[in-house]
Amino acid sequence: MIALVTGAGGFIGSHLAELLLQLGAHVRCIDALIGPSARRDQQARLDELQDRGALVIRGNLNELDLSEALSDVTHIFHLAALPGVQPSWQRHNFAHYASNNMVATTRLLEAVATSCPQLIKFVFASSSSVYGTSAKLPTAETDPTRPISPYGITKLAGEQLCQAFGKASDLPIVIARLFTVYGPRQRPDMAFSRFIDAVATGQAIHMNGDGTQTRDFTFVADTVRGLVAAGISGRPGQTYNIATGTSTSLLEVLTVLEMKLGRPANVTLSPCAKGDPVATLADTSLATHELGFSAECGIEEGLDRQIALSSSGAIVS
């Protein structure tokens with residue numbers, strides 16, 4: 001396998017690139033060093049990947065000459081995107097979401113269609129945000145996609161661009177919809193990172209909603225295993241939910257953190273945030289059947305590992 005990972009300096013991308021290296025793949029990494037994670041953290045992850053033998057290319061997909069990066073590539077894992085539901089509502093931000101989540105995807109697909117004849121699989125990392133407020137739980141891949149945030153809209157557009165290029169240029173596209181990923185290196189703006197820091201230091205936690213909202217929280221090591229499985233066994237044209245198939249409320253998460261950190265959580269409630277569904281829960285039967293994938297890490301073990309390893313940045317794959 002000669003694998004290209006876009007967004008390799010990010011939270012999920014860095015774990016994925018590490019796992020691919022561990023599995024013996026030749027790995028090429030592209031990252032523009034943008035987004036809510038600290039630039040120095042992204043840079044450090046890329047430096048470590050380079051030290052481990054990966055070829056690292058720093059730059060934006062909208063600007064790079066991609067022909068050399070795509071030379072001989074057999075698998076592409078496209079994770080590069082601007083993340084975050086709440087920032088996507090800000091009017092001055094949406095142009096950046098459109099550029100980095102849709103235009104960049106189009107440019108990569110155009111380059112792949114003309115420069116990558118040996119491609120075996122193109123895996124697009126999408127998001128459960130494309131489902132919006134699901135009418136049915138657990139949600140299957142065939143259920144309606146009705147995103148309720150600008151971010152979710154850009155991820156659904158990315159899916160549709162991939163499928164359109166897949167049909168027009170006979171590209172082996174696989175869509176992986178990821179559900180609320182957590183673990184070491186999680187972005188500082190995400191809930192678990194904020195909760196752990198706040199409980200550990202006795203600071204207030206500002207929570208949107210009443211805490212009864214539930215999510216299909218998926219540990220990052222499981223997520224990247226699912227992405228690799230999609231790259232190996234996924235059917236071109238197919239979409240897969242990569243998740244646990246279980247749901248946990250935010251209040252349950254806080255209870256676990258209080259127990260593990262030995263401190264009470266000081267919670268201040270705020271109105272529900274725009275674009276946040278009340279519940280997410282994936283039907284994972286297709287991924288289990290076709291990819292042989294099932295999540296292995298439960299929420300208590302995952303939180304243990306995030307608490308223990310967040311500061312060190314150690315490999316958890």
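Helix axes are lines fitted to C-alpha atoms over the stretch in contact, and angles between N-to-C directions run from 0 to 180 degrees. Helices are DSSP runs (H or I, at least four residues), numbered from the N terminus. The model is predicted: local features need pLDDT of at least 70, side-chain atom pairs count only at pLDDT 80 or more, and totals for chains, interfaces and linings use all residues. Residues are numbered from 1 along each chain as its sequence is written, and side-chain values use heavy atoms, without hydrogens and water.

**Exercise 1.** Determine how the axes of α4 (residues 91-115) and α5 (residues 150-169) are arranged.

*Solution.*
Step 1. The two axes come within 10 Å and cross at roughly 15°.
Step 2. Angles under 35 degrees count as roughly parallel, so α4 is roughly parallel to α5.
Step 3. Residues of α4 including F94, Y97 and L109 meet residues of α5, among them Y151, L161 and F165; contact means heavy atoms within 4.5 Å.
Step 4. By class, this contact has 11 nonpolar, 6 polar and 2 charged residues.

**Exercise 2.** Identify the buried residues of helix α6 (residues 191-201) and the elements they pack against.

*Solution.*
Step 1. Buried (under 20% relative accessible area, 1.4 Å probe, protein chains only) describes F192, S193, F195, I196, A198 and V199 of α6.
Step 2. These buried residues pack against β7 (181-182), β8 (204-208), α8 (250-261) and α10 (299-309); strands are DSSP runs (E, at least two residues).
Step 3. Just after α6, G202 takes a positive phi of about 75°.

Conventions: Buried means under 20% relative accessible area, exposed over 50%, partly exposed in between (1.4 Å probe, protein chains only). Angles under 35 degrees count as roughly parallel, over 145 as roughly antiparallel, 65 to 115 as roughly perpendicular and the rest as oblique. Ala, Val, Leu, Ile, Met, Phe, Trp, Tyr, Cys and Pro count as nonpolar, Asp, Glu, Lys and Arg as charged, and the others, Gly among them, as polar.
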